[in-house]
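I opened this notebook to record what I looked up in one structure. The entries follow the order in which I checked things.

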Amino acid sequence: MSDLPDYHFRIRENGAAVFRIDTANRQRRIEMEQIATVHLGKGEIRPQGARALTEEDLAEITRWIEARRTLLARREMDEMHRTVEQLNLTAHWAQTRATPEQLDEVTDALLLAMHDLRSVLVRKKADRTGPPES
């Protein structure tokens, strides 16, 4: 049991519930006491009830927030790279295997989504490069 961490973070949308783990009790059972909630978007740490968090609690929660944000950013970029691959696979499917009925089912939705994406990407690229020089 000594290999267990001192804290457990139950992931939830945009944050987590934070639990302190206790194995040093008479029944030798794992007890999880909720000590706080975390809201990643706001960077907010809220103690549970009237509890006062220790410096150790706050340090561990802050470490978790930083690690979680890094992980989510890495996953987001991985998802974008997968999207590029999926677009390539979709083009190959449309060219080589799609039936006319299948193409009828998805063509309009794909064209609109790609037009929207292209518009956003072109606008963002123009914003990054600035106005043309005269």
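Before starting, I wrote down the cut-offs for accessibility: a residue is buried under 20% relative accessible area, exposed over 50%, and partly exposed in between. I also noted that this is a predicted model.

Entry: Asp78. I looked up its relative accessibility and found 34%, so Asp78 counts as partly exposed. Its side chain meets that of Arg82 in a salt bridge, at 2.6 Å from N to O. I then checked the spacing: Asp78 and Arg82 are 4 residues apart in helix 1, which means about one helical turn separates them. Arg82 has 47% relative accessibility, so Arg82 is partly exposed too.

Entry: Glu79. I found a salt bridge from Glu79 to Arg82, with the closest N and O atoms 3.4 Å apart. Glu79 has a relative accessible area of 41%, so I put Glu79 down as partly exposed. Through shared partners, the salt bridges join Asp78, Glu79 and Arg82 into one network.

Entry: other salt bridges. I read off a total of 6 salt bridges in the structure. One of them links Arg46 and Glu44, whose closest N and O atoms are 2.7 Å apart. Arg46 is partly exposed because its relative accessibility is 43%. Glu44 is partly exposed because its value is 28%.

Entry: I traced 4 strands in an open sheet, ordered 1-2-3-4 with antiparallel pairing. Strand 1 (7-12) and strand 4 (44-47) are the edges, each pairing on one side only. On average, neighbouring strands of this sheet are turned by 30° against each other, direction ignored. Helix 1 (residues 55-96) packs on the sheet and touches strand 1, strand 2, strand 3 and strand 4. The direction of helix 1 makes about 40° with that of strand 1.

Entry: strands 2 and 3. I looked up the link between strand 2 (residues 15-22) and strand 3, and found 8 bridges, with the two strands running antiparallel. For Phe19, the bridge partner in strand 3 is Gln34.

Entry: Thr37. I located Thr37 in strand 3 (residues 31-39). Is Thr37 buried or exposed? Its relative accessibility is 13%, so Thr37 counts as buried. Leaving aside neighbours within four places in sequence, I listed contacts of Thr37, among them Arg12, Ala16, Ala17 and Ile45. Glu44 and Arg46 are also in contact with Thr37.

Terms used:
Residues numbered from 1 in each chain as written. Predicted model: local features only at pLDDT ≥ 70, side-chain atom pairs only at ≥ 80, totals over all residues. Heavy atoms only, no water. Buried < 20%, exposed > 50% of the residue type's maximum accessible area, 1.4 Å probe, protein only. Contact = heavy atoms within 4.5 Å. Pairing = 2+ DSSP bridges. Axes fitted to C-alpha atoms, helices over the stretch in contact; angles between N-to-C directions. Salt bridge = Lys/Arg side-chain N within 4 Å of Asp/Glu carboxyl O.
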